[in-house]
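Dear colleague,

Please find below the sequence and structure that I am handing over to you. A summary of the findings follows.

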Amino acid sequence: MGVGGEKFQLGTVGALSLSVVSSVSIVICNKALMSSLGFTFATTLTSWHLLVTFCSLHVALWMKFFEHKAFDSRTVMGFGVLNGISIGLLNLSLGFNSVGFYQMTKLAIIPCTVILETLFFRKKFSRTIQISLSVLLLGVGVATVTDLQLNAVGSILSLLAIITTCIAQIMTNTIQKKFKVSSTQLLYQSCPYQSLTLFLIGPFLDGFLTNQNVFAFNYTSQVVFFIVLSCLISVSVNFSTFLVIGKTSPVTYQVLGHLKTCLVLTFGYVLLHDPFSWRNILGILIAVVGMVLYSYFCSVEAQPKSAEVSTQQAKESDSAPLISDSLSKVENGGDDDEPLKVPMWSSKYSRA
């Protein structure tokens, strides 16, 4: 494996690690904020997260940590609004459904993503990958799903949440490759639209779900401290989310999300003494087996692709002795010679 492939692998491992650490941290912080201090305005809090993320990236841009790259504004706006709507729908799904059905909604995102990528991208998932994902979903289901109470409105909201979340995550990967932008550049440009969407719908949505007014809440020093801490951690969460999806795939990001769920359950038991049963332990063990199998089979299937990339790099270095762009191709996880398949739902993509 060449230097470019090794750098890509190290970058992927770093992105996955950052995503796990930051996400588990923010869950623990938000649990203290919402459960202990009674601040239950999740959608509005998310809009603040995105606003702080945008401000942080703006400072980073001013300090020249990354370069601004303008591209299709309509695509960025649509992507940002869609992301905001998917977050709102997930929160509504939790409000209208039992916790068990909400967990099933989150589990359904992986098979839905697989179906969409198969239909619109013609991406193939091997039988071993499908089996490992099934084992993972079974384990997380055993560990988290306790009750299933169905209702028509909640089911419709869950279905919409699943579809919008899948499309948004697939677009995160697609846009980065199509327009050749980094995760930081995409996050910087889409953050204002996501934040504005959630800030406009957040107070009404939170008021509807909690029967409280976010602006009339008693903001004690403790509440303000945990809100600021949550916003600061969210910068890392949002950045690592775009980074992981850009370097890997939407399915891998969802697998990582279920790893975070298992870690949160474990830390909740160890640190916060949350109730824990043998069913939780069994489910987590099954899920870990599924994750290990998924990681193993993905690495096995990636080896032939790495060999092809190394061969192509050697050919390009022979034919172009000056500056070669093959390293950037590897780091972006794609090949310019292979046409990018894009979703059929975007007429703008199909014209490009």
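**Findings**

Buried residues account for 45% of the 352 residues in the protein. Please keep in mind that this is a predicted model.

The protein has 13 helices and zero strands. Its pattern along the sequence is accordingly written α-α-α-α-α-α-α-α-α-α-α-α-α.

The largest nonpolar core holds 27 residues, of which F71, F79, L116, C166, M171, I175 and L186 touch the most other members. At least two residues of this core come from each of α2 (42-62), α3 (73-96), α5 (109-120), α7 (152-178) and α8 (183-210). The greatest contribution is that of α7, which gives seven residues. There is also a second, separate core of 18 residues, and its members include F125, V251, V255 and C262.

The cysteines deserve a separate remark. How many disulfides are there in the model? The count is zero, where a disulfide requires two cysteine sulfur atoms within 2.5 Å. C112 is in no disulfide, as the nearest cysteine sulfur, that of C166, is 3.5 Å away. C112 counts as buried because its relative accessibility is 16%, the cut-off being under 20%. For C191, the closest cysteine sulfur is in C55, at 9.3 Å, which is too far for a bond. C191 is likewise buried, with a relative accessible area of 0%.

Finally, the UniProt record, an unreviewed entry, lists residues 12-33, 39-63, 75-94, 128-146, 152-174, 225-246 and 278-297 under "transmembrane region". Two of these spans may be compared with the model. Residues 75-94 are 100% helix and 0% strand, and the C-alpha atoms at the ends of this span lie 29 Å apart. Residues 128-146 are 89% helix and 0% strand, with the end C-alpha atoms 28 Å apart.

Yours sincerely,
A colleague

Conventions: Residues numbered from 1 in each chain as written. Predicted model: local features only at pLDDT ≥ 70, side-chain atom pairs only at ≥ 80, totals over all residues. Heavy atoms only, no water. Buried < 20%, exposed > 50% of the residue type's maximum accessible area, 1.4 Å probe, protein only. Core = buried A, V, L, I, M, F, W, Y, C linked by side-chain atoms within 4.5 Å. Helix = DSSP H or I, 4+ residues; strand = E, 2+ residues; numbered from the N terminus. UniProt positions renumbered as here; feature names shortened; annotations may be inferred.
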